[in-house]
Amino acid sequence: HRKVLKVVIRAAEDMVRGEIEEEAAAFRHSLPVSGYLEIIRLKTAELMAASCEAGATLAGAPPAVRRSLRKYGLEFGMGFQMTDDALDFSAEERKVGKPVGSDLGEGRFTYPLLSLIGKLRGGDRRRLLSMLNKSALSNGGAGKVVDMVRNSGYVPGTLELADRRFVSASHSLRGVPAAAARPLARMAGYASRRES
């Protein structure tokens, strides 16, 4: 199906662009929040949007329903990635399946940390920035940074923003047939209650 192929190719292109942008931003504490949001849109949300749009296209859904499902996937994907990034600072390793703070060690600075960087001033800011390099993070700095982010209040703040994305995803299902809308709305509700 030609339309589906176009959707999948566009998503693949976006993912590659997102990976390139993420690599270019590694260990860059000056990355603006808008840059982070663009990276997660390209890497995660566009794939989910494409999946929803392709499914709707294959089912023969009208254009308005395809657009609604695409928006659902985009919003759900943004919320999902923000939740995952918050859990990288707050959850136990056994719950997330990877070491807590693992994004930090790879130079991926996500919403909770970028928000903290934006808030701090003076000596506190200088101390944090001095830990955000490969050497410091691999020599115990990652644990200190995780503790600083945990104590900052930006983890629950990130989860709250993610929840808004999940609500927006659910709202985008208006006009989508109930057989598709109900399970997708349930999935957004479940994702917003993921443990922190």
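In what order do the elements of the chain run from the N terminus on? In this predicted model, the elements follow the pattern α-α-α-α-α-α-α-α-α-α. The count is ten helices and zero strands. With a radius of gyration of 18 Å, close to the 16 Å that the globule rule gives for 196 residues, the chain is as compact as a globular protein of that length. Along the principal axes, a box of roughly 60 × 30 × 30 Å holds the C-alpha atoms.

Of the 196 residues in the chain, 43% are buried. Among contacts with a separation of 6 or more, 71% are made by residues 24 or more positions apart.

Helix 2 spans residues 33-58 and helix 3 spans residues 63-90, and their axes come within 7 Å. These axes cross at roughly 140°, and the two helices are therefore oblique to each other. The crossing of helix 2 and helix 3 is right-handed. Their contact is made up of 16 nonpolar, five polar and six charged residues.

Thr-158 belongs to helix 9, which covers residues 154-171. Its relative accessibility is 0%, so Thr-158 counts as buried. Leaving aside residues up to four places away in sequence, Thr-158 touches Met-82, Ala-86, Tyr-111 and Pro-112. For one of these, Ala-86, the separation from Thr-158 is 72 residues in sequence, while the C-alpha atoms of the two are 6.2 Å apart in space.

Terms used. Residues are numbered from 1 along each chain as its sequence is written. This is a predicted model: local features need pLDDT of at least 70, side-chain atom pairs count only at pLDDT 80 or more; totals for chains, interfaces and linings use all residues. Side-chain values use heavy atoms; hydrogens and water are left out. Axes are lines fitted to C-alpha atoms, for helices over the stretch in contact, and angles run from 0 to 180 degrees between N-to-C directions. Helices (H or I, at least four residues) and strands (E, at least two) are DSSP runs, numbered from the N terminus. Angles under 35 degrees count as roughly parallel, over 145 as roughly antiparallel, 65 to 115 as roughly perpendicular and the rest as oblique. A crossing is left-handed if the near helix is turned anticlockwise from the far one by less than a right angle, and right-handed if clockwise. Ala, Val, Leu, Ile, Met, Phe, Trp, Tyr, Cys and Pro count as nonpolar, Asp, Glu, Lys and Arg as charged, and the others, Gly among them, as polar. Buried means under 20% relative accessible area, exposed over 50%, partly exposed in between (1.4 Å probe, protein chains only). Contact means heavy atoms within 4.5 Å. The radius of gyration is taken over C-alpha atoms; the globule rule is 2.2 Å times the number of residues to the power 0.38.
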